[in-house]
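The sequence and structure are shown first.

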Amino acid sequence: MKAVEISTPGGPEVLKLVEREKPELKKGDVLIRVTAAGINRPDVFQRKGAYPPPPGASDLPGLEVAGEIVEGDLAGTSLKIGDRVCALTPGGGYAEYCVAPAGNCLPIPDGFSDVEAAALPETFFTVWTNVFDRGALSGDETLLVHGGASGIGTTAIQIARALGHKVFVTVGSDERAAAVEALGASKAINYKTQDFVEEIKKLTDGKGVDVVLDMVSGEYINRNIQCLADDGRIVIIAQLGGSKATIDTAQVMRRRLTITGSTLRPRSVAFKTQIAQALQQKVWPLLAAGKIRPVIHATFALAQASDAHAMMEKGENIGKIVLTF
């Protein structure tokens, strides 16, 4: 099979198209003939040597794919050989064939192309477990999302809005602000020209938001605390701004705040299967009804994976970048 491997840690140019043997299956796995694969920030970190795959996972990058099940162990699922699925994978998505745990596969929603389906798993699994499980967003609570124009951001906006929540986001340009507001964000704040803490206070009449989904971390943590309502929660999913912060713990105690976070890739198959089941029950009907649609910024052929990574690193994308086969 054709695959893209990381020849050595480095820039986008280290991604090389090679020939490989098809991956071997283990109990509970399926083999997917891949037609499209999503690109995500962890792929970039892995390419740089900063995010190694978990034990037993493929060394190839790629955490989400869409395609057809061609063989595998389907016990305990409703899947069958020949089904079109999208899947969350521990790695190996940049290849014509990819292994995924059967429980981490979901049917491609009716009317969705394989490119759209490949843009679903990584961001939808991440948003669901962090915003709605760890962050416990519920009722009429409000959400602030940093990186609002990213794949994660555009997903969080749409799911939260579809479930009745007001969503505020930060973005890096007025163009991005207009794009995400058209997608359903109640207000997009250009962090380069506006103080998002002051804007959130104005937008919430001084109350603050209930949940912050943060992919920046670092010095954003204290500013996020200032954005929170009492009993608010910050959920950290990346550290683009660094891993260190000095915080005022008196505020945390006095206002009953929660600072938490998670990474998805190292979690167990069973844990990810639970997320898949929740998504199929609560979010997949919204996709089928057309209330949510992944935002595709660009597609690249598999052999152009280095160009796709270069685009992601420049921060040019609004929504997802997808490889096609």
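## Enclosed cavity

In this predicted model, the count of cavities of 30 Å³ or more comes to one. The largest cavity holds about 30 Å³ of space.

Its lining consists of Thr 129, Arg 134, Ser 262, Thr 263, Leu 264, Arg 267 and Phe 271. By class, this lining has two nonpolar, three polar and two charged residues.

## Largest pocket

The largest pocket contains about 1100 Å³ of space. It is lined by 47 residues, of which Arg 41, Phe 45, Met 215, Ala 238 and Leu 240 are the closest to its centre. Two or more lining residues come from each of helix H1 (41–47), helix H3 (121–134), helix H4 (151–162), strand E9 (166–171), helix H11 (305–314) and strand E15 (320–324).

Helix H3 supplies the largest share of this lining, four residues. Divided by class, the lining of the largest pocket has 21 nonpolar, 18 polar and eight charged residues.

## Second largest pocket

The volume of the second largest pocket is about 550 Å³. Among the 31 residues that line this pocket, Lys 26, Gly 56, Ala 57, Ser 58 and Pro 90 are the closest to its centre. The elements that contribute two or more residues to the lining are strand E6 (97–101) and helix H9 (269–282).

Of these, E6 gives the most, with five residues. The lining of the second largest pocket comprises 16 nonpolar, six polar and nine charged residues.

## Nonpolar cores

The largest nonpolar core has 52 residues, and those that touch the most other members are Phe 124, Leu 143, Val 169, Leu 213, Leu 279 and Trp 284. The largest share of this core, six residues, comes from H3, the helix that also gives the largest share of the lining of the largest pocket.

When residues up to four places away in sequence are not counted, Val 169 touches Leu 144, Val 145, Gly 148, Ile 157, Val 180, Ala 185, Lys 187, Ala 188 and Ile 189.

Which residues cover the two faces of strand E8 (residues 142–145)? Thr 142 and Leu 144 lie on one side, Leu 143 and Val 145 lie on the other, and all of them are buried.

Strand E8 pairs with E9 in the parallel sense, over four bridges. Within this pairing, Thr 142 has Lys 166 of E9 as its bridge partner.

## Positive phi angles

Most residues other than glycine have a negative phi. Ala 136 is placed in the loop between H3 and E8. The residue is partly exposed, with a relative accessible area of 37%.

Asp 205 likewise has a positive phi, near 55°, and is a residue other than glycine. Its place is in the loop between helix H6 (196–203) and strand E11 (209–214). Is Asp 205 buried or exposed? Asp 205 counts as exposed, because its relative accessibility is 74% and the cut-off for this class is over 50%.

Methods: Residues numbered from 1 in each chain as written. Predicted model: local features only at pLDDT ≥ 70, side-chain atom pairs only at ≥ 80, totals over all residues. Heavy atoms only, no water. 1 Å grid on protein atoms, 1.4 Å probe; cavity = no way out; pocket = protein on both sides within 12 Å on 5 of 7 lines; lining within 4 Å. Points joined across faces, edges and corners; volume = space filled by probe spheres on them. Nonpolar A, V, L, I, M, F, W, Y, C, P; charged D, E, K, R; others polar. Core = buried A, V, L, I, M, F, W, Y, C linked by side-chain atoms within 4.5 Å. Buried < 20%, exposed > 50% of the residue type's maximum accessible area, 1.4 Å probe, protein only. Contact = heavy atoms within 4.5 Å. Pairing = 2+ DSSP bridges.
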